[in-house]
Amino acid sequence: MIMNNQQSEAIDRNLENMNNPGYLEESERVTSFPRLLVSRLTPSTTSDKPSENVPLGIMGTGVYAEKVLYSTEPGLIRETGNMTDVALNGDGFFAIETLDGERYTRNGHFQVDPSGMLRTAGGNLVLGQNGAIGPLPDDFTILQDGTIISTESSQVIDRLTIVNIPAEDLDRDGLTSLYNSQNQPTEIPPKNIRVEQGFIEESNVDLNAQMVKMIQVTRSYSANQKVVQTNDEILQKAVNEIGKV
């Protein structure tokens, strides 16, 4: 039932954030506890032993959420026409500088602050090859490989740092669309990067799949609840019967 509660909470978070750009759907890796060999003591048929163990079979001891996993399936790309919006059409994460260190995101809904620095909607600096990106001119173009150039002079300003992180290494930073990596991420070569300026990537939450999972979790919780109630009734009956003896 604890596992069901954790799954239900993950579904709630997915549904709450399905309209947030760059949000990655989360789920749990379910692992079983060690199984037990169950046996019973029966009177021995020989005189040298008073009783003997008779194997009854294998008994499961439940399951638990070993790790939270984040789906790296791409979300739908939506056109906004805003030159500071950037979508990754392929693998990778933008590198972001925060007060707690470097973080990573698929949310390319950026903005330029009054000093010309490129920032996330949350105010964190977007990182390029030369560190924090900026100051930027009033009009700039982001090429497919992430290179940022001045539209007026065609001068190269910087290039977005895009890194690859395996799904196994991802950890969400609080309730945001920022992620940390358990291992040092590897930078993606420019030839393998495909950036779309004027677009953002929607979350990759599959609404239909989440609704199906919610029904499955609800049914599983109800079944487990009935098992617990049945065990309580058996124990209560056993106590009452013993009390009569």
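I began with the contacts (heavy atoms within 4.5 Å): of those in the protein with a separation of 6 or more, residues 24 or more positions apart account for 62%. I note that the model is predicted, that local features need pLDDT of at least 70 and side-chain atom pairs pLDDT 80 or more, and that totals for chains, interfaces and linings use all residues. Numbering runs from 1 along each chain as its sequence is written, and side-chain values use heavy atoms, with hydrogens and water left out.

**Overall make-up**

I looked up the secondary structure and found two helices and 21 strands, taken as DSSP runs (helices H or I, at least four residues; strands E, at least two) numbered from the N terminus. Of the 245 residues, 35% are buried, that is, under 20% relative accessible area with a 1.4 Å probe, protein chains only.

**Lys67**

I located Lys67 in strand S4, residues 63-70. Lys67 is buried without a salt bridge (a side-chain nitrogen of Lys or Arg within 4 Å of a carboxyl oxygen of Asp or Glu). Asp171, the nearest side chain of opposite charge, lies 4.0 Å away; Lys and Arg count as positive, Asp and Glu as negative, and His and the chain ends are not counted. I also found the Lys67 side chain reaching the backbone oxygen of Glu168 at 3.3 Å. Leaving out residues up to four places away in sequence, Lys67 touches several residues, among them Ser27, Arg29, Leu170 and Gln182.

I traced antiparallel strands S14 (residues 147-150) and S15 (residues 156-159), joined by three bridges; pairing requires at least two DSSP bridges. Ile148 stands opposite Asp158 in S15. Five residues lie between the strands, and Ser154 takes a positive phi near 65° in this hairpin.

Conventions: Buried < 20%, exposed > 50% of the residue type's maximum accessible area, 1.4 Å probe, protein only. Polar contact = N/O pair within 3.5 Å; in protein donor to acceptor, adjacent residues only side chain to side chain.
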